[in-house]
Amino acid sequence: MARIVKKAVSKKTPAKKAAKKTAPKTKNVEPKKEAEPIMLQPPRGMKDILPDEQGYWDQVRRVTERLSRDYGFSRIDTPLVEFSNLFNRAVGEGTDIVDKEMYAFATKGGDKVALRPEMTAGIARAYIQHGMSILSKPIKLFSTGPVYRYDRPQEGRYREFYQVNYDAFGEQDPILDAQMIQVAARVVQNLGIKAVQIQVNSIGCPICRKEYKDLLVNYLESKSNKLCQDCKRRLDTNPLRVLDCKEDKCLQVAAAAPQSVDHLCDECRLHFKNLLEYLDELDLPYTINPRLVRGLDYYTKTVFEIWSGSEEGRKNALGGGGRYDGLVKMLGGEPTSAIGFGLGVERLIIEMKRVQAKPYRAPKPKVFLAQLGDLAKKKSLKLFSELEKNGILVAESFGRGSLKSQLRVANKLGVEMTLILGQKEALDKTVIIKNMASGEQETVSVDKLVDLVKKKLKTDNVVTYHDNNHNNG
Ligand code: AMP
């Protein structure tokens with residue numbers, strides 16, 4: 001509906017008159033458009049991660065970062081946006097990710113870019129660009145952040161989701177493949193998800209895969225009338241992907257299809273055999289899954305997925321990855337062996353909740369700082385930061401004036417002690433420490449407060465990440 005704008009009756013204020021004098025005269029001014037209503041929700045398939053949920057996210061961050069350090073990974077962060085052709089080339093045209101699911105667009109400057117649909121391509125690009133090949137090998141990189149796929153949203157499948165990604169460059173020995181699978185399993189288990197299934201397969205190198213692909217296409221063409229529409233298309237674009245289609249009729253065709261492990265060249269067969277021996281040595285139970293192909297162009301030899309132990313495990317893999325020995329060269333770098341995997345954070349959290357694994361609980365303050373009167377209020381702001389700089393977690397409610405209501409908050413929070421700063425204390429440079437359990441109070445000098453509070457608190461409430469330069473902060 002067009003907005004009716006009343007013509008202003010000349011009631012000009014001096015300011016309006018001045019504005020009229022200086023305003024440039026514009027002809028053909030477009031009529032004001034009705035403002036579109038703001039949608040109070042993010043786009044479909046994306047969601048907020050609210051404070052209540054963050055305990056699970058913190059736990060994932062802590063476990064994944066800790067394991068990345070323990071296993072010698074260095075953190076890398078690459079842009080969310082890359083040139084589209086990086087993904088077209090690395091992930092591969094003909095894959096669902098590139099053909100259907102990529103958020104690709106042209107910038108105002110005309111660059112063709114895309115939101116990353118996975119992390120490895122950007123990391124391999126950075127590896128080449130920054131000449132990391134001169135570093136001592138393997139070069140292990142850890143990354144985490146959002147990725148974007150324009151998929152049909154459902155439980156465990158979003159358009160914006162988070163991954164943790166571990167990649168290692170410069171080592172072709174299958175011992176590294178085994179170690180990467182071990183890291184993936186450790187992450188999941190350290191999050192409290194004890195029952196996991198490790199699925200492995202080898203899809204060979206470009207040489208043996210070509211022979212296998214021809215064989216597979218021959219077989220699939222003979223059964224094409226039994227395939228779903230998508231798989232009929234995949235027969236031309238990405239025949240291996242037919243093997244992991246979840247449609248019942250395609251599953252039946254896939255069950256009798258030739259298997260890549262039966263058609264590996266000598267080198268790939270030995271690589272796979274050694275990998276399985278290492279996994280045995282690690283006591284990591286695995287299943288050889290001939291239908292696991294992972295569908296991205298860059299994979300070679302080892303591919304693997306981590307499924308939850310539940311019935312539904314297969315439908316929503318917790319993570320997966322594999323070797324991509326050809327990727328760095330394909331993108332213009334030196335031939336470089338590499339392997340990596342990604343875990344989906346939302347899926348990990350869904351599974352953590354299902355098995356009732358514990359989220360991380362940040363320590364709660366055991367000290368409350370109460371103030372009474374103008375001077376005390378002013379001083380309390382600084383006192384709070386003094387305590388914080390010394391690693392003491394403190395709660396406050398500076399906006400409240402009455403001591404009674406502040407003590408009510410302190411009680412609600414269940415703190416061990418409340419520090420009370422009134423007008424007298426502010427002048428005397430003292431603070432009252434009130435023991436909330438016994439009600440006992442003592443007055444101490446501000447200079448001695450930090451040490452005294454620390455002594456009274458159990459050490460787990462003193463955060464030790466502060467460095468010694470806290471006076472500079
Ligand atoms: P992929 O490389 O496609 O196998 O992705 C690696 C992991 O990311 C998967 O195992 C999932 O845990 C997660 N993931 C992939 N796609 C989605 C999605 N659309 N929504 C949520 N998580 C996803």
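Author: Start with the whole chain. Of its 473 residues, 46% count as buried. This is a predicted model, so every value here is computed from predicted coordinates. The secondary structure comes to 16 helices and 16 strands. Take the contacts with a separation of 6 or more: residues 24 or more positions apart account for 70% of them. The accessible surface is about 27,100 Å², and carbon and sulfur atoms hold 51% of that.

Now the sheet. Three strands make it up, in the order β2-β4-β3. The sheet is open, and its pairing is antiparallel. Strands of a sheet pair through backbone hydrogen bonds, either parallel or antiparallel. Which strands stand at the edges here? They are β2, residues 81-83, and β3, residues 104-106. Each has a single partner strand, so one side of each is left without a neighbour in the sheet. From one strand to the next, the twist averages 35 degrees.

Look at one pairing in detail. Strand β4 covers residues 112-115, and β2 pairs with β4 over three bridges in the antiparallel sense.

Helix α3, residues 84-92, lies across β2, β3 and β4. Against β2, the helix runs at about 75 degrees.

Next, the surface. Val81 returns here, as part of a nonpolar patch with Leu80 and Phe105. Together the three residues have about 220 Å² of accessible area. Phe105 sits in strand β3, and β3 is one of the edge strands. How far is Phe105 exposed? Its relative accessible area is 41%, so Phe105 is partly exposed: the value lies between the 20% limit for buried and the 50% limit for exposed.

That leaves the charged pairs. The count of salt bridges comes to 24.

Arg61 has a relative accessible area of 36% and is partly exposed. Asp58, at 26%, also counts as partly exposed.

Arg157 is partly exposed at 25% relative accessibility. Asp151 stands at 18%, so this residue counts as buried, the limit being under 20%.

Glu267 is in helix α10, residues 266-281, while Lys301 is in strand β9, residues 300-308. The pair therefore ties together parts that are 34 residues apart in sequence. Is Lys301 buried or exposed? At 7% relative accessibility, Lys301 counts as buried.

Some salt bridges share partners. Such bridges join Asp96, Lys100, Asp230, Arg233 and Arg234 into one network.

β4 stands between β2 and β3 in the strand order, α3 lies across the three strands, and Val81 and Phe105 contribute to the nonpolar patch on the surface.

How values were computed. Residues are numbered from 1 along each chain as its sequence is written. This is a predicted model: local features need pLDDT of at least 70, side-chain atom pairs count only at pLDDT 80 or more; totals for chains, interfaces and linings use all residues. Side-chain values use heavy atoms; hydrogens and water are left out. Two strands pair if DSSP finds at least two bridges between them. Helices (H or I, at least four residues) and strands (E, at least two) are DSSP runs, numbered from the N terminus. Axes are lines fitted to C-alpha atoms, for helices over the stretch in contact, and angles run from 0 to 180 degrees between N-to-C directions. Contact means heavy atoms within 4.5 Å. Patches are made of residues with over 30% relative accessible area and no salt bridge: like charges are joined within 9 Å, nonpolar side chains (Val, Leu, Ile, Met, Phe, Trp, Tyr) within 5 Å. Accessible areas come from the Shrake-Rupley method with a 1.4 Å probe; for residues, only the protein chains shown count as cover. A salt bridge is a side-chain nitrogen of Lys or Arg within 4 Å of a carboxyl oxygen of Asp or Glu. Buried means under 20% relative accessible area, exposed over 50%, partly exposed in between (1.4 Å probe, protein chains only).
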